Amino acid sequence: MRAQFVMAEIWIGLRRNLTMTIAVIVSVALSLSLVGAAMLLNSQVNQMKGYWGDKVEVSIYFCNKTDQKNTNDTPNCASGEATQAQIDAVHGQLDKNPLVQKVYTETPAQAVVNFKKQFPDSPLAPYVTPDSFNNSLRVKLTNPSLYQEVASQVEGQPGVAKVDDQSAVLKPLFNLMNTAQWVALAIMVIMFGVTLLLIVNTVRVSAFSRKRETGIMRLVGASNFYVQMPFIAEAAFAAVVGAVLASGMIAVGKFVLIDMVLRKQITLISFIGWGPVIQVMPLLVVIGVGMSSLAAVLTLQKYLKV
């Protein structure tokens with residue numbers, strides 16, 4: 001009987017404040033979709049860092065005949081093409097460095113083969129020759145962030161044309177995604193504020209419109225929790241519906257934006273799968289119900305004296 005009464009009170013509250021309830025649902029859905037997007041964006045950044053962290057290498061290029069002619073760009077190559085002894089000397093120094101995990105040698109002929117494998121559709125593929133590439137060493141570090149310590153060891157060595165850190169190429173992308181995370185969090189906080197205000201106003205209007213019912217409940221000895229329960233349940237119901245809508249928007253966004261567009265157009269990035277998306281969905285329900293219930297309880301403490 002009590003359960004029936006509570007359900008009846010919830011239905012009455014939702015029906016009386018239908019417009020505001022819809023506004024709360026929409027606000028909760030937008031807020032939680034931004035929360036989910038921020039979580040997934042964080043997962044994407046972490047996955048990319050982990051994926052590329054294992055693949056990022058330091059590339060050491062040695063002087064060739066072309067570098068000897070362009071000493072403005074490669075002043076260390078004025079003495080001519082790097083000799084095998086110079087290459088072996090640098091290789092030996094790197095082998096003794098505790099920061100170096102492994103060193104790979106790539107000859108110009110191997111560079112041509114690798115270029116054609118990586119870029120088979122490039123219009124330059126038929127025209128590249130070994131003369132287009134330098135002898136080089138690919139160095140895998142135990143910690144890619146310590147690149148400068150390794151680079152300073154070999155830069156300026158006889159025969160070394162230049163040293164490149166592949167992680168520097170990815171740094172702008174990581175910075176962009178980190179900025180996107182902060183923007184999403186800022187918008188999320190604003191939407192949370194708007195949602196909380198709507199929940200507070202909805203609960204307050206509902207409490208004022210049912211003063212007579214709550215007064216009768218107080219007279220018959222109903223507990224505080226029993227009186228407040230319908231109002232809290234109304235807010236929680238709106239939050240659950242909003243969380244379901246937010247989960248749907250996130251799923252559609254992941255399928256359309258990532259699976260249908262980005263995954264096909266950007267093959268160099270390892271995009272997140274459905275696992276993180278499914279993990280985020282129940283969290284949205286918990287966050288939404290917790291946020292709305294807390295806002296309802298605090299509002300009732302002020303506007304519904306029992």
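**Figure 1. Packing of helices H4 and H6.** For helices, axes are lines fitted to C-alpha atoms over the stretch in contact, and the angle between two axes, taken between N-to-C directions, runs from 0 to 180 degrees. In this predicted model, helix H4 (residues 84-96) packs against helix H6 (residues 147-154) at an angle of about 145 degrees, and the two axes lie 10 Å apart. The crossing that H4 makes with H6 is right-handed. On the H4 side the contact is formed by Val90, Gln93 and Leu94, which meet Val150, Gln153 and Val154 of H6. Sorted by class, the residues of this contact are four nonpolar and two polar, with no charged residues.

**Figure 2. Overview of the predicted fold.** The model is a prediction, and its secondary structure consists of 10 helices and four strands. Read from the N terminus, these elements follow the order α-α-β-α-α-β-α-β-α-β-α-α-α-α. The protein has 306 residues, of which 41% are buried. Among contacts with a separation of 6 or more, 82% are between residues 24 or more positions apart.

**Figure 3. The largest cavity and its lining.** Two cavities of 30 Å³ or more are present in the structure, and the largest cavity has a volume of about 90 Å³. Its lining comprises 10 residues, and those closest to the centre of the cavity are Thr202, Val203, Glu234, Ala235 and Ala238. Two or more lining residues are given by each of helix H2 (18-53), helix H7 (166-209) and helix H9 (224-265). H9 provides the largest share of this lining, with four residues. By class, the lining of the largest cavity has seven nonpolar residues, two polar residues and one charged residue.

**Figure 4. The second largest pocket and its lining.** The lining of the second largest pocket is made up of 19 nonpolar residues, two polar residues and one charged residue.

Figure 5. Ser27 is found in helix H2. Ser27 counts as buried because its relative accessibility is 8%, and the cut-off for a buried residue is under 20% relative accessible area. When residues up to four places away in sequence are not counted, Ser27 touches Met191, Thr195 and Leu198.

Figure 6. Once neighbours within four places in sequence are left aside, Leu196 is in contact with Met291 and Ala295. The C-alpha atoms of Leu196 and Leu294 are 9.6 Å apart in space, although the two residues are 98 residues apart in sequence.

**Figure 7. Gly248 in helix H9 and Ser33.** Helix H9 contains Gly248, a residue that is partly exposed, with a relative accessible area of 32%. Gly248 and Ser33 are separated by 215 residues in sequence, while the distance between them in space, from C-alpha to C-alpha, is 8.9 Å.

Figure 8. Thr66 belongs to helix H3 (residues 65-69). Thr66 counts as partly exposed because its relative accessibility is 40%, and the partly exposed class lies between the buried limit of under 20% and the exposed limit of over 50%. Thr66 and Glu81, which are 15 residues apart in sequence, have a C-alpha to C-alpha distance of 8.6 Å in space.

Methods
Residues are numbered from 1 along each chain as its sequence is written. This is a predicted model: local features need pLDDT of at least 70, side-chain atom pairs count only at pLDDT 80 or more; totals for chains, interfaces and linings use all residues. Side-chain values use heavy atoms; hydrogens and water are left out. On a 1 Å grid over the protein atoms alone, a cavity is a set of points where a 1.4 Å probe fits but cannot get out, and a pocket is an open set with protein on both sides within 12 Å along at least five of seven lines; lining residues have an atom within 4 Å of a point. Grid points are joined across faces, edges and corners, and a volume is the space filled by probe spheres set on the points. Ala, Val, Leu, Ile, Met, Phe, Trp, Tyr, Cys and Pro count as nonpolar, Asp, Glu, Lys and Arg as charged, and the others, Gly among them, as polar. A crossing is left-handed if the near helix is turned anticlockwise from the far one by less than a right angle, and right-handed if clockwise. Contact means heavy atoms within 4.5 Å. Buried means under 20% relative accessible area, exposed over 50%, partly exposed in between (1.4 Å probe, protein chains only).
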